[in-house]
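Subject: Structure handover

Hi,

Here is the structure for you to look through. Please open it alongside the notes below.

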Amino acid sequence: MYCEFFQLKEPPFRLTPDPQFLFASKQHARAKAYMESTVWLADGFVVITGDIGSGKTTLIESFLAELPPDIVRAHISQTQLSPIEFLQALLVEFGFKPFRKRKVELLATLKDFLIEQYAAGKKILLVIDEAQNLSRKVLEEVRLLSGLEAQKEKLIRIVIAGQPELSRKLDSPRLQQLTQRVRLRFHLGALSKRETHEYVAHRINVAGAHGRKIFTDEACDMVFRYSGGVPRLINVICDTAMLCAFAEEKPLIDERLVKAAAEELQWVEFSERLREQERHPDAAGPLSSLEGGPLARLEVLFRDEFVADFKLPFGRAIIGRTPDNDLQIRSKFVSRHHAQIVSDAAQSVVEDLNSTNGVYVKATRVTHHELKDGDVIQLGEHKLLYRDLRRALATASFDEDEEDEEDDDDDRDAEEAEPEELDEKQGIDKRLSKS
């Protein structure tokens, strides 16, 4: 609609993933390098996590588009599947029609195919997006696949990506064997204000601006304030701002037009949105009514002097230097997004978000650590004293929540093992459409 007005060849802020529009921030470039390493170092698999709209899918599309011709790939993004459906979906990606096969036949077909490709000098790559939806039983299938070997080399390389809930699943004691095979884990955070400026300019130039400025610096600052540096939110507000500018016939988008776009979208500033979520966390639900308060709290100390008290809600709390964090610690020794603490009814786990100076508990640098009452988390010159506030009755863990789903999987697996219940190609298509 507005492309001709702004002299662009295509809309720069579409929400559909497009590899040519990938903005290679430092963290996106690092995540992509980790995925590329999987192809050449077939000794485990890589896990990429990121919030909704952080650019995971676009990054994956860019990675897949640049693969050399000797890579045979399978890309699965529909992940609400049973183990049988997962194996079927994988074989469909490799060109098979496995809809009347039992599980043992599916596994035999897959192994024969992998060995055949290895003998032909091909490398096999499996990329799973939206992996936070995978059940524990499907993740076990992924683990077993990662163990298939020919001589000294793995038969299949694996990259899995998903929202932060994926990290919680992988840290479950029941998935310890799978987690031990993870070679690299990386979390994609939001863009900084400077990176937001660069992101907007990059997408406009790819769309055909050739260096022309369409958003003023003040407009980009306002984009950051409303989007928090989340790429998908940047796209939404920038696209709306361009529509507003087109309606007013303004070739240069200023701060006023971005504010007008935010009003059209009925958005508040991102920091206020986070505060509102903290006041009314949807995820807490019945847990809050059960406990009547937070799951735990952190006493923030600077050089052993009390500074602040932070209550840990159900779910995820991000700690870092910038204002878009749940807990902001203004220190040159603290990274922009330094760490996160994920809490459920049973435990809180602290996770290093690839910070520069690391996360320490009991003087030991950790990447993932289940917190105990009284633990001290060290971030640079700051200490966070962890106090567990859970009641004895609130002990249901994430794994117990999944047991009912796994029983359902068992029932479905038994049904799906009967060949007559799957109609050729429609078998998996129907199940995928239901997911």
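Predicted model: local features only at pLDDT ≥ 70, side-chain atom pairs only at ≥ 80, totals over all residues.

Backbone first. Most residues other than glycine have a negative phi. Two exceptions are worth a look.

Glu130 has a positive phi, near 55°, and is not a glycine. Find Glu130 in the loop that runs from strand S3 (123-128) to helix H6 (136-146). The cut-offs behind that are under 20% for buried and over 50% for exposed.

Arg303 also has a phi near 55°, again positive and again in a residue other than glycine. Arg303 sits in the loop between strand S8 (296-302) and strand S9 (305-312). Its relative accessibility is 58%, so Arg303 counts as exposed.

Now the sheet. Five strands form an open sheet, in the order S11-S10-S12-S13-S16. The pairing is mixed. Which strands are at the edges? They are strand S11 (327-328) and strand S16 (368-370), and each pairs on one side only.

Within this sheet, look at S10 and S12. Strand S10 covers residues 315-320, and strand S12 covers residues 339-343. The two pair in the antiparallel sense, over five bridges.

Best wishes

Technical notes: Residues numbered from 1 in each chain as written. Heavy atoms only, no water. Helix = DSSP H or I, 4+ residues; strand = E, 2+ residues; numbered from the N terminus. Buried < 20%, exposed > 50% of the residue type's maximum accessible area, 1.4 Å probe, protein only. Pairing = 2+ DSSP bridges.
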